[in-house]
Amino acid sequence: MIVTPDASVLLKWVLPGDDEQDTDAALALRDEGVAGTLDLVVPQLWIYEVGNTLARRFPDDADALLASLADFGLTEARLDAGWRERAVSLSVTYGVAFYDAAYHAVALGLGGVFVTADERYVRRATKAGSISSLRLWRTR
């Protein structure tokens, strides 16, 4: 099964502390990817989005945290016209940010599932299909 975790999920893999909601679900998803029971595929922009958040919130540890994520060897989707068209359509149709729609577009294009901790995105774009809230992922 192909799963596209977004930045909200990827960050939970490395953020310090236990105060992040649904961290257990994010770590379970990561572990399934490491075990090879899931194929984790992300858009190439993931490192910029995650890196931006880490640099702002954890400047002293950002490089090490980003390196640990890069070490997972996430598969980066090849971006093509179909991906771009899907991302634009999702963004316009559901009133969501293009970079958030990019993850969803990857999942849709590969016949996978987009997993996000962003409940607002889920509410807005659920009709597009192939989406799961991280909170609900652990019940699958």
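**Labels and their criteria**

Guide: Confidence in the chain is lowest in helix 8 (residues 134–137), with a mean of 90, and highest in strand 4 (residues 113–116), at 98. The score is pLDDT, the predictor's confidence in each residue, from 0 to 100. Helices (H or I, at least four residues) and strands (E, at least two) are DSSP runs numbered from the N terminus. This is a predicted model, in which local features need pLDDT of at least 70 and side-chain atom pairs count only at pLDDT 80 or more, while totals for chains, interfaces and linings use all residues. Residues are numbered from 1 along each chain as its sequence is written, and side-chain values use heavy atoms, with hydrogens and water left out.

Visitor: What does the chain average in pLDDT?

Guide: The average is 93, and 95% of the residues score at least 70.

Visitor: Why is Val 41 called buried?

Guide: Buried means under 20% relative accessible area, exposed over 50%, and partly exposed in between (1.4 Å probe, protein chains only). Val 41 has 8% relative accessibility, so Val 41 counts as buried. Val 41 belongs to strand 2.

Visitor: Which residues does Val 41 touch, leaving out those up to four places away in sequence?

Guide: Contact means heavy atoms within 4.5 Å. On that criterion Val 41 touches Ile 2, Val 3, Thr 4, Pro 5, Thr 75, Ala 77, Val 106 and Leu 110. Arg 78 is 37 residues from Val 41 in sequence and 9.9 Å away in space, C-alpha to C-alpha.

Visitor: Why does Ala 35 count as exposed?

Guide: Its relative accessibility is 60%, so Ala 35 falls in the exposed class. Ala 35 is in helix 2 (residues 23–35).

Visitor: Why is Ser 91 called buried?

Guide: Ser 91 has a relative accessible area of 17%, and is therefore buried. This serine sits in helix 5 (residues 81–94). Beyond its neighbours within four places in sequence, Ser 91 is in contact with Val 96, Ala 97, Phe 98 and Ala 101.

Visitor: What makes the phi of Asp 22 worth a remark?

Guide: Most residues other than glycine have a negative phi. Asp 22 is not a glycine, yet has a positive phi of about 65°. Asp 22 lies in the loop between helix 1 and helix 2, and at 9% relative accessibility counts as buried.

Visitor: Where is Ser 130, and is it buried or partly exposed?

Guide: Ser 130 is in the loop between helix 7 (119–125) and strand 5 (131–133). Its relative accessible area is 32%, so Ser 130 is partly exposed. Ser 130 also has a positive phi, of about 55°, although it is not a glycine.

Visitor: Which residues of helix 3 are buried, and what do they pack against?

Guide: The buried residues are Trp 46, Glu 49, Val 50, Gly 51, Thr 53 and Leu 54. They pack against helix 1, strand 2 (39–42), helix 4 (62–70), strand 3 (75–76) and helix 6.
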